[in-house]
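Subject: Structure handover

Hello,

Here is the structure I said I would pass on. My notes follow it.

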Amino acid sequence: FLLVGIPGLETLHIWISIPFCFMYIMTLLGNCSILLTVRLDASLHEPMYYFMSMLAAIDLIFPTAVVPKMLGIFWLDAREIAFEGCFIQMFFIHTFTAVESGVLLAMSFDRYVAICNPLRYTTILTTSRTTQIGLLSLARGIAVMIPLMCLLTSLPYCKTRVIPHSYCEHMAVVELACADPSISNLYSIIMATLLVGSDSIFITFSYSMILRSVLRLSREARLKALSTCGSHIAIILLFYIGGLLSMYLQMFSLDLNPHTQVLVADLYLTVPPMLNPLIYGIKTKQIREQMVKLI
């Protein structure tokens, strides 16, 4: 396949590459700092920080699957990507989208237990159970993506080799098939709706219960709880709204320029991984203090 980059903005690729390169560097620094901080400080070996580490690891995988190749297109005009490499890239992107959704759900459950049932927190969320939740999220993402990959790789691709995108985005690749892709499209829509819908419902339930409990606390405790949960909710909204916007812009023709759709999809995979360490990690007092000590 041949990746175009940003359709219609090829002459600006060098300038467009600057913010994407900056965001990637900041993503690497921020998420690696969180992983290192949690790893080195024994006082942070708790479920909340383990989930934060999982999120940081996912946020390293997302942009690494996309940005180096994207910069190769912008800087070196290295547009070619192997058939297998294209679907491997797609597998990593969509699998870890599902995994991140599961981790965000686990984080909301963690905060629910910590605030609504604090006396049983250490017995409910043990280290082994936290690990099992992370592995279950990973297994769920892989299990959902394997059938889709089988459906996609079995299609014949003979219309053209050119993908009008910066990476192997699902809908952009499917449009190159010269057979009916309706089964794979239906499967992807159903799975995305089920995953996002079910996770969103449980997350909303968790935070509604948290809000109800927080209103009964003292003013100082209430502010502390709301501050922590506020950063969680900001991450969740950034992840889900950005993902849905990117997906629906690709699925439905909304009379937008092709480069607008591609830029939205590119930013969805680069902006949240960069902001998550800032919104979540550095805003957490314990993480911030330990980072200062390490520096």
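**Disulfides**

The structure holds two disulfides. Please keep in mind throughout that this is a predicted model. One of the disulfides joins Cys-86 to Cys-168, with an S to S distance of 2.0 Å. The torsion about that S-S bond is about -125 degrees, so the disulfide is left-handed. Cys-86 lies in helix 3 (residues 83–116), whereas Cys-168 sits in the loop between strand 2 (162–163) and helix 6 (170–174), so the bond ties together parts that are 82 residues apart in sequence.

**Helix 3 against helix 7**

Helix 3, which carries Cys-86, also packs on helix 7: the two axes come within 9 Å and cross at roughly 20 degrees. An angle under 35 degrees counts as roughly parallel, so helix 3 is roughly parallel to helix 7. Their crossing is left-handed. On the helix 3 side the contact includes Ala-98, Ser-101, Gly-102, Leu-105, Phe-109, Arg-111 and Tyr-112. Residues from helix 7 in this contact include Leu-195, Asp-199, Phe-202, Tyr-207 and Val-214. Sorted by class, the contact of helix 3 with helix 7 has 14 nonpolar, five polar and two charged residues.

**Helix 5 against helix 7**

Helix 7 (residues 182–214) also packs with helix 5 (residues 127–153), at an angle of about 165 degrees and with the axes 9 Å apart. That makes helix 5 roughly antiparallel to helix 7, the cut-off being an angle over 145 degrees. This crossing, too, is left-handed. Helix 5 contributes Arg-140, Ala-143, Val-144, Pro-147, Leu-148, Leu-151 and Leu-152, and these meet Ile-183, Ser-184, Tyr-187, Ser-188, Met-191, Leu-195 and Asp-199 in helix 7. By class there are 10 nonpolar, two polar and two charged residues in the contact of helix 5 with helix 7. Leu-195 and Asp-199 of helix 7 take part in the contact with helix 5 and also in the contact with helix 3.

**Helix 1 against helix 2**

For helix 1 (residues 13–40) and helix 2 (residues 47–76), the axes come within 9 Å and cross at roughly 155 degrees. Helix 1 and helix 2 are therefore roughly antiparallel to each other, and their crossing is left-handed. The contact of helix 1 with helix 2 has 23 nonpolar, six polar and one charged residues.

**UniProt record**

An unreviewed UniProt entry lists "transmembrane region" for residues 12–36, 48–67, 87–113, 133–157, 186–211, 223–242 and 262–282. I compared two of these spans with the model. Residues 133–157 are 84% helix and 0% strand, with the end C-alpha atoms 38 Å apart. Residues 186–211 are 100% helix and 0% strand, and here the end C-alpha atoms lie 37 Å apart.

Regards

Methods:
Residues numbered from 1 in each chain as written. Predicted model: local features only at pLDDT ≥ 70, side-chain atom pairs only at ≥ 80, totals over all residues. Heavy atoms only, no water. Axes fitted to C-alpha atoms, helices over the stretch in contact; angles between N-to-C directions. Helix = DSSP H or I, 4+ residues; strand = E, 2+ residues; numbered from the N terminus. Parallel < 35°, antiparallel > 145°, perpendicular 65-115°, else oblique. Left-handed = near helix turned anticlockwise from the far one by under 90°. Contact = heavy atoms within 4.5 Å. Nonpolar A, V, L, I, M, F, W, Y, C, P; charged D, E, K, R; others polar. UniProt positions renumbered as here; feature names shortened; annotations may be inferred. Disulfide = S-S within 2.5 Å.
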